[in-house]
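Hello,

Here is the structure I promised to pass on. Please open it alongside this email.

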Amino acid sequence: MWLFGGAELASSLMNLGLVDEVWLSIHPIVLGAGKPLFKELKERKWLTLVDSKVYESGLVSLRYKMSWD
């Protein structure tokens, strides 16, 4: 399943242990305000970097494997 956006749904799936990977795209802009990436996580989740890519625009794409240990 691919989830694009949806901080509350993503957190619910993480709390149920249903997330295998997290892909993040970091855009080179500072908005000054916004919403949390994940809301109401029950516990700390560790991520292991699997892949990364930097684009000419300055965007950075990061792919992480979720660690459940």
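My notes follow, from the overall fold down to single residues.

**Ground rules**

This is a predicted model, in which local features need pLDDT of at least 70 and side-chain atom pairs count only at pLDDT 80 or more, while totals for chains, interfaces and linings use all residues. Residues are numbered from 1 along each chain as its sequence is written, and side-chain values use heavy atoms, with hydrogens and water left out.

**Overall**

The protein chain has 1 helix and 3 strands. Both are DSSP runs numbered from the N terminus (helices: H or I, at least four residues; strands: E, at least two). The order along the sequence is α-β-β-β. The C-alpha trace spans about 35 × 30 × 20 Å along its principal axes.

Of the 69 residues, 17% count as buried. Buried means under 20% relative accessible area, exposed means over 50%, and partly exposed lies in between (1.4 Å probe, protein chains only). The accessible surface comes to about 5900 Å². Carbon and sulfur atoms hold 57% of that surface. These areas come from the Shrake-Rupley method with a 1.4 Å probe; for residues, only the protein chains shown count as cover.

Now the contacts (heavy atoms within 4.5 Å). Take those with a separation of 6 or more: residues 24 or more positions apart account for 57% of them.

**Charges**

There are 8 positive and 8 negative side chains. Lys and Arg count as positive, Asp and Glu as negative; His and the chain ends are not counted. The centres of the two sets lie 3 Å apart. Each charge is placed at NZ of Lys, CZ of Arg, CG of Asp or CD of Glu.

How many salt bridges does a search of the whole structure find? The search gives 2. The criterion is a side-chain nitrogen of Lys or Arg within 4 Å of a carboxyl oxygen of Asp or Glu.

- Glu 21 pairs with Arg 63, at 3.0 Å from N to O. Glu 21 lies in strand β1 (residues 21–26) and Arg 63 in strand β3 (residues 60–67), so this bridge ties together parts 42 residues apart in sequence. Glu 21 is partly exposed, at 34% relative accessibility. Arg 63 is also partly exposed, at 25%.
- Glu 43 pairs with Lys 45, with the closest N and O atoms 3.7 Å apart. Glu 43 is exposed, at 53% relative accessibility. Lys 45 is buried, with a relative accessible area of 16%.

**A residue in β3**

Ser 61 also belongs to strand β3. Ser 61 is buried, at 18% relative accessible area. Which residues does Ser 61 touch, not counting those up to four places away in sequence? The list is Leu 24, Ser 25, Asp 51, Ser 52, Lys 53 and Tyr 55.

**Surface**

Trp 2, Phe 4 and Trp 23 make a nonpolar patch of about 500 Å². Patches take residues with over 30% relative accessible area and no salt bridge; like charges are joined within 9 Å, and nonpolar side chains (Val, Leu, Ile, Met, Phe, Trp, Tyr) within 5 Å. Phe 4 sits in the segment before α1 (7–15). Phe 4 is exposed, at 77% relative accessibility.

Leu 16 is in the loop between α1 and β1. Leu 16 is exposed too, at 63% relative accessibility. The C-alpha atoms of Leu 16 and Lys 42 are separated by 9.7 Å, with the two residues 26 apart along the chain.

Best wishes
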